[in-house]
Structure formats: C-alpha cells, structure tokens
Amino acid sequence: MTGPKTVTTDLYPAPGVHGGDADAVAAYLGIDPAEVLDLSASLNPEAPDVAGVVARSLDRLGRYPDVTCATSALAEAIGVDPQSLVVTNGGAEAIALVAQLHPTGWVEAPEFALYARHLRELDPKAPRWRSNPSNPLGQFAGPDEKAGVWDEAFWALAAGTWTRGDARSWRIGSLTKLWACPGLRAGYAIAPDPASAEAMREIQPRWAVSGLAIAVIELLLPVTDLPSWQRSIAKRRAELADQLRERGLVVSETDACWVLVERPDLRSLLIPTGVLVRDCTSFGLNSTTRIAVPDDQGLERLLNALDRVL
C-alpha cells in the first residue's frame, strides 16, 4: 500500500449518511480507492468472485437485459412465487419503489435513513418499515413482531436463510450485501401478492437491472451457501469482538455482520491508516462506531492499524 499523505483531522471527508466513503477518503489521502479497507460497508467477507463472473459476461453489454430467467432462478432459491418477486437495481431501488406504492409509513429511530427519505409522509399509525436484523443495532426482531415492510438486506448473512418468511408483508433484499458487490447494484423485493409485484413492475424504469447484474445472479446462485456463510461470519464476528476488547474498546456484539464500538473518534483515528469504519452519528448514535466483519487479511490490517493509533 502506498503511504498516505500527512492529514489534518478537521479536514477529513465528512462521513456520509450511508457509509461507503472509500473514494472520498482515498482521494483525500492520495491513494487508490482499492487500497482503502472499507469496513464502513457491511458486506459478506465470504463472498465469491464477482469480478470474475462479470469479466466472463461482458458480451451482455451488447444487448438489452432480460431479467426473466434471473427472476425465476432467484425466486426458486428463496422459495417464493416468481410472480411475486421483482429484481431491482439494488435494495435502494426496491425501497424507493415500495415507498412510491405506499407513500405513508412509520420509521422508529435508530433506523436506515432511506426509508424516511423516500416516504412522503411519516405517520405512527401507518405500517412500519423495519430492517431485520436492525441497522445499525444489528439485532433480530422477535418472532411475533410485525412490520408492513421488512428490509432483509442483512438477513441472509445473519440467519443463513433467505428470508424471515412474513408473506403478508413486503420483503426487501440486497444481493449487493450478499455477494459484496456494491458497485454492481442488485437487489429484489418480494411482494405480499402477485398483483402488488405487478404494480411495482409498472412503475419500475425499463431495463433497470443491468445485464451484468443479471449474469451475476444467474451464475452465483448455484454457489451461494447461506448456512456456511452464516456460520463463518458468526465465528469471525466473535473473533473481531475479542480482539477489539483486548485493545481496550467497549464492544457490543450483534446478530449481523458487524459489531458496534463505543468510541466516537475511531473513524478519525483510523483514516490516516487507510482503514475506514462507520461513524453512526447519522443514526443519532454520536458515540458509536460500526465495524464490518472483515476477512482474515482485513482483520490483520485493522488490528495493526488499531495498534498504531490507540
């Protein structure tokens, strides 16, 4: 890694609302974005080789995408009616489309900011929008808890299954998180019924999902092993928590693919090392930092960085 330039903490790029600020931090440090260890984005450390799949699928750039086969394959993997599933340009598009169909809802903080952003009106009496496991707290909802919209972006990595299975609610998923490809954009929505899914298709922009994203869905579903990934992430999460505690940090473990640390300045301390973590101020948690579970190489680099700055 090229050594970053000397930096001044009051000039650091401000943390974005959703994390994933690697490009801005890299530009500030004068390094390649690939040299930033971005643990502000909670992705699957066990993800398969998405770049290789994309490289083998470049011929799809020459024709308009057809999402039909990918929809059927994904619905079969999840175990839902393909007529009730809509593949989307990331989980973010699914959130926006559901909010367009149901513009009044309720969000209880702390919660993912995109729900309130896209809802036209917040009403405590309206159906609730919830992430499960919750983002940023990382806790599973209880089996008897309800929601009008469940955002299951991190469910598969936390539970080892595709969905909680509340068929009467909207369910939103993120293949971006599952396969660690935030630059590709791939997600889906499971509607309560086929008519609701068709209503979503009617308002979704034509060709919203790229041919490369469709190729990744079709080719990675056969090698996706949710139970194995869940077990590995749980083990890695426990090791991460232990190592952070050994360095004197106060850690809250979660059900998700991250841990929470009570250290408000940790992002600023780590930026000069090229390691990026998630400042949770945008969630209203001013003293909390979220750290994604890394792979082996990422863990070693994180710990080395912490040993330098703490």
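Mentor: Axes here are lines fitted to C-alpha atoms, for helices over the stretch in contact, and angles run from 0 to 180 degrees between N-to-C directions. Keep in mind that this is a predicted model.

Trainee: How do I read a helix pair, and at what angle do the axes of α10 and α12 cross?

Mentor: Two packed helices are described by the angle between their axes and the distance between the axes. Take helix α10 (residues 226–246) and helix α12 (residues 296–309): their axes cross at roughly 10° and come within 11 Å. Angles under 35 degrees count as roughly parallel, so α10 is roughly parallel to α12.

Trainee: Which residues make the contact?

Mentor: From α10, Arg236, Glu239, Leu240, Gln243 and Leu244. From α12, Asp296, Leu299, Leu302, Leu303 and Leu306. By class, six of the contact residues are nonpolar, three charged and one polar.

Trainee: Now the sheet. What is the strand order?

Mentor: Strands of a sheet pair through backbone hydrogen bonds, either parallel or antiparallel. Here five strands form an open sheet in the order β2-β8-β7-β6-β5, and the pairing is mixed. β2 (85–88) and β5 (129–131) are the edge strands, each pairing on one side only. On average, neighbouring strands are turned by 20° against each other, direction ignored.

Trainee: In which sense do β5 and β6 pair?

Mentor: Parallel, over three bridges, with β6 spanning residues 149–151. Trp129 stands opposite Val149 of β6.

Trainee: Which strands does helix α3 lie across?

Mentor: Helix α3 (residues 68–78) lies across β2 and β8 (187–190). Against β2, α3 runs at about 120°.

Note on methods: Residues are numbered from 1 along each chain as its sequence is written. This is a predicted model: local features need pLDDT of at least 70, side-chain atom pairs count only at pLDDT 80 or more; totals for chains, interfaces and linings use all residues. Side-chain values use heavy atoms; hydrogens and water are left out. Two strands pair if DSSP finds at least two bridges between them. Helices (H or I, at least four residues) and strands (E, at least two) are DSSP runs, numbered from the N terminus. Contact means heavy atoms within 4.5 Å. Angles under 35 degrees count as roughly parallel, over 145 as roughly antiparallel, 65 to 115 as roughly perpendicular and the rest as oblique. Ala, Val, Leu, Ile, Met, Phe, Trp, Tyr, Cys and Pro count as nonpolar, Asp, Glu, Lys and Arg as charged, and the others, Gly among them, as polar.
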